[in-house]
Amino acid sequence: MIESIEHIVKEHRFFAGMDAGFVALVSGCAKNMRFDPGQYLFHEGDSADWFFLLRNGSVAIELRDPARGAVTVQTLHEGDLCGLSWLVPPYRWTYDARAIDLVRAIAVDAACLRRKSEADPRLGYEMMKRFMPPLVERLQAARMQMIDIYGAHD
Amino acid sequence: MTDAFSAASIAAPMIPRVARVVKRKREIEDVVTLEIEGGAFDFAPGQFNMLTAFGVGEAAISVSGDPADSARLIHTIRAVGAVSRALTELHVGEPIGLRGPFGRGWPMAEAEGRDVIVVAGGLGLAPLRPALYRLFAEREKYGRILLLFGARSPADILFRDELEAWRGRLDIEVEATVDHARGDWRGNVGVVTTLLSRAQFDAANALAMLCGPEIMMRFVANALLERGVAQERVYLSMERNMKCAIGFCGHCQFGPVFICRDGPVFPYSQLRGLIAKKEI
Ligand SMILES: Cc1cc2nc3c(=O)[nH]c(=O)nc-3n(C[C@H](O)[C@H](O)[C@H](O)COP(=O)(O)OP(=O)(O)OC[C@H]3O[C@@H](n4cnc5c(N)ncnc54)[C@H](O)[C@@H]3O)c2cc1C
Ligand code: FES
């Protein structure tokens, strides 16, 4: 049986408990995508036209360093949200996202969702409430990585 | 004067006995495991010894070996300063000073019948390893066992062979994460709290043992509390500079407690008001 995109969106952890009307609005901007191992979901500098909700598989968030090559700073897994740059102008990715293994994801068209959020600010607010916790979690994690907690300190 | 306070009884635990290094293994950069000929040495998981590098000084080092194997006395040491570096540079056959074991260790009896969440950061896996050996040896006494481990990079993963062997067991869950990695690392990247958000356990009946950098333990403890684990059942192993290790000099004082005598393992309920204070 082929699951409807609406059903898939509703079942995803990120949208848990969301009003059915909003689920329908989001689903209208969403589609299923799959990425083979090693394939990139997006690259630094590209326009952030989509964000992804992972259904299966893992994604490496990479920063490119001329001396060290690609450095993974985070991995994302089933149930996680991949991509926040679509939220803030100029809507460009600031890192690469690479599928570590076979990845299945719900891809949400960012311009479509932004348009619907402008038209119905309740949807926009609902989305903001869902995006803030991972955003804050990531900020906290980045701070801990930045101070290098495992290093010896003077 | 009562016997308990006689000069001799205070001095006895202060005098190191001279032992010898019988084995030395470099684990990762700056970290060495020493096996010391200790005779029959009994200790509880989480306890520590004071080790002397003669001519340099003394440092508190947790026992990192198997509590069931009292013939092998094992410590894992990271070179961070003069004493710890001198200890890591000792070779087989050289003398080392030893006194202990000291302190109150991990709450093994209280963990029985519960899901046990062990969270280690960096070298924090060393003081937890004796508890893990005990948990695995008496596997049937516990509910789920989760080991969550965080390190700076793949090259900094302590006891990697053992972690991989434990990961192969079906009756425990082992997850490791690093702060950053190159492309050839296929594991998790991210801080250790991210492992916790995906972990499955019965929060109402769980007990946690945490050891690692203090800031890591604070964040993990708070995340556990948010998941519903009781603060009385979240245990942390604390580090402070030590001198006497027997509750006399006050060097290791942390608010109202002495880490050497009342700890080093404490329930978070006892530390929560103190651990984020700058002046302590
Ligand atoms: C109960 C207890 C158990 C311990 N168990 C172990 C163990 O199993 N293995 C082990 O290697 N160490 C352990 N330690 C820590 C160890 O005692 C110290 O690293 C050691 O005393 C440092 O002494 P030093 O003279 O080498 O360095 P110092 O001259 O005292 O310090 C040198 C520099 O290193 C920094 N530093 C000191 N300690 C640490 C640390 N733990 N981590 C990062 N930076 C530090 C200092 O801020 C300073 O900048 C334990 C400590 C306690 C209290
Ligand atoms: S080290 Fe002396 S009181 Fe704790």
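A disulfide is a pair of cysteine sulfur atoms within 2.5 Å. With that in hand, welcome to these close-ups of a predicted model.

**View 1. The disulfide of chain A.** Over all chains, the structure holds one disulfide. Its partners are A:Cys29 and A:Cys112, with an S to S distance of 2.0 Å. The link is left-handed, with -70° about the S-S bond. A:Cys29 sits in the loop between helix 2 (20-27) and strand 1 (30-35) of chain A, while A:Cys112 belongs to helix 3 (residues 110-119), so the pair ties together parts that lie 83 residues apart in sequence.

**View 2. Where chain B meets chain A.** Here 25 residues of chain B are in contact with 22 residues of chain A. The size of an interface is often given as the accessible area lost when the parts come together. Between chain B and chain A about 2100 Å² is buried, and carbon and sulfur atoms give 57% of this area.

**View 3. Polar and charged partners across the interface.** Six residue pairs are in polar contact between chain B and chain A. On the chain B side, strand 8 (145-151), strand 10 (181-182), strand 11 (188-189), helix 6 (192-198) and helix 7 (214-227) each supply at least two of the residues that touch chain A. The touching residues of chain B comprise 10 nonpolar, nine polar and six charged. The two chains share one salt bridge: the side chains of B:Arg152 and A:Asp148 meet at 2.7 Å, N to O.

**View 4. Strands pairing between chains.** Strand 5 (residues 69-76) of chain A pairs with strand 10 of chain B in the antiparallel sense, over two bridges. Look for A:Val71, which stands opposite B:Arg182 of that chain B strand.

Notes. Residues numbered from 1 in each chain as written. Chains lettered and ligands numbered in written order. Predicted model: local features only at pLDDT ≥ 70, side-chain atom pairs only at ≥ 80, totals over all residues. Heavy atoms only, no water. Contact = heavy atoms within 4.5 Å. Buried area = accessible area lost by both parts, 1.4 Å probe. Salt bridge = Lys/Arg side-chain N within 4 Å of Asp/Glu carboxyl O. Polar contact = N/O pair within 3.5 Å; in protein donor to acceptor, adjacent residues only side chain to side chain. Helix = DSSP H or I, 4+ residues; strand = E, 2+ residues; numbered from the N terminus. Nonpolar A, V, L, I, M, F, W, Y, C, P; charged D, E, K, R; others polar. Pairing = 2+ DSSP bridges.
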